[in-house]
Amino acid sequence: MSKSSTTRLFLQSSELGLAPRSISVSGDLTLSHLKLSPTLTLDKSLLNSLYFSHNGRPLPDSTLLSSLPSHSTLLLRLRLCGGGGDGGATGAESRDCYLSMYLAKKPDKVDPNETRLSKWTTCALSGEPLVHPVVIDRLGNLFNKEPLVEAMVKKTLPKAFRHIRGLKDMFPINLELIPGAEEAKSETRFQCPISGLEFNGKYPFFALRGCGHVISSKALRELKSDACLVCHKEYSELDKIVINGSEDEVKVLRERMEEERGKVKEKKEKKRAGDEKVEVLENGKKESKRFRAVDIAPANATKEVYASIFTSSKKGDFKETYSCRSLPLGRN
């Protein structure tokens with residue numbers, strides 16, 4: 001197996017007690033070959049009842065591993081056994097054949113529950129399980145920090161994430177682990193530190209920009225406070241970022257992002273304008289104009305005399321140091 005044809009995948013199955021693992025396999029193999037891999041050590045009597053899914057979409061056993069994105073997370077699922085038929089069953093038909101035929105007719109059918117769970121447990125960019133350090137962008141998307149920074153450096157960010165222009169557009173967050181979730185091999189590994197609600201997309205959650213704690217909407221609503229319920233650091237309503245929000249919620253976050261960027265740009269322009277005055281010449285060009293004391297001289301004052309308060313106007317006759325000025329003495 002050549003290195004160029006190797007595909008790296010993440011496998012897990014809560015139904016079979018298969019712990020999340022990373023494997024490297026040849027891209028020329030199919031999912032059917034993967035089932036027979038000694039790495040999985042599956043019961044051969046269950047092979048026809050098992051299938052792989054990716055992002056909520058069941059995959060046929062004939063799917064080539066090279067057609068899957070690198071670092072994809074595959075879930076190994078067990079088909080539920082059912083009874084009944086059309087009255088003409090002879091016992092020779094295979095339920096697996098029926099399901100394969102059905103899936104071939106509707107290959108784009110997606111399990112909404114798996115799609116929802118994937119958004120809350122995996123990185124929005126790489127598809128890998130969320131692992132600290134985790135960051136959130138201004139629109140509420142979750143990322144593993146390392147692949148996000150790498151994509152920014154290499155300028156390979158997808159169009160959907162082009163609003164992330166630098167480190168100031170991502171905020172580190174603290175996800176509370178569920179005790180024993182790793183040992184139990186649960187698909188949901190995080191929870192609200194206050195209410196205990198699972199971080200799986202069934203309940204709305206907010207991230208606080210100031211401290212990075214992730215708290216459920218229910219806890220924030222019932223325990224009204226101007227400070228974080230975990231670290232007691234004060235925050236404002238603008239510091240709350242809804243995680244994986246609806247279209248309307250994302251629209252509000254986008255408008256807030258553009259407003260904040262506009263304020264920063266306006267502040268920089270005011271600072272630049274305060275550092276220098278720009279004078280437009282007759283030829284239309286611009287020239288920076290230095291401050292001169294005579295420009296603000298009183299109306300009845302002699303400009304030369306007024307300017308001498310701040311500096312000497314006849315350096316040939318006067319001698320100055322940083323602390324005193326000597327005046328020429330008249331000759332006898």
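The model is predicted. Its largest nonpolar core has 37 residues. Nonpolar side chains in soluble globular proteins tend to be buried together.

**Nonpolar cores**
- In the largest core, the residues with the most contacts inside it are Ile 136, Ile 173, Leu 175, Phe 199, Phe 205, Val 214 and Ile 243.
- Strand β11, residues 205–208, supplies the largest share of this core, with 4 residues.
- Beyond its neighbours within four places in sequence, Leu 175 touches Leu 130, His 132, Val 134, Phe 190, Phe 199 and Val 214.

**Sheet around β11**
- Three strands make an open sheet, ordered β12-β11-β13.
- Their pairing is antiparallel.
- Strands β12 (214–216) and β13 (240–242) are the edges, and each pairs on one side only.
- From one strand to the next, the twist averages 35°.
- Strands β11 and β12 are joined by 3 bridges.
- Ala 207 sits opposite Val 214 of β12. Val 214 is also among the residues with the most contacts inside the largest core, and Leu 175 is in contact with it.

**Helix α3**
- Helix α3 spans residues 112–121.
- Its buried residues are Glu 114, Leu 117, Ser 118, Trp 120 and Thr 121.
- The cover over these buried residues includes strands β3 (50–54), β4 (57–59), β5 (72–78) and β7 (142–144).
- Strand β11 is also part of that cover.

Conventions. Residues numbered from 1 in each chain as written. Predicted model: local features only at pLDDT ≥ 70, side-chain atom pairs only at ≥ 80, totals over all residues. Heavy atoms only, no water. Core = buried A, V, L, I, M, F, W, Y, C linked by side-chain atoms within 4.5 Å. Buried < 20%, exposed > 50% of the residue type's maximum accessible area, 1.4 Å probe, protein only. Helix = DSSP H or I, 4+ residues; strand = E, 2+ residues; numbered from the N terminus. Contact = heavy atoms within 4.5 Å. Pairing = 2+ DSSP bridges. Axes fitted to C-alpha atoms, helices over the stretch in contact; angles between N-to-C directions.
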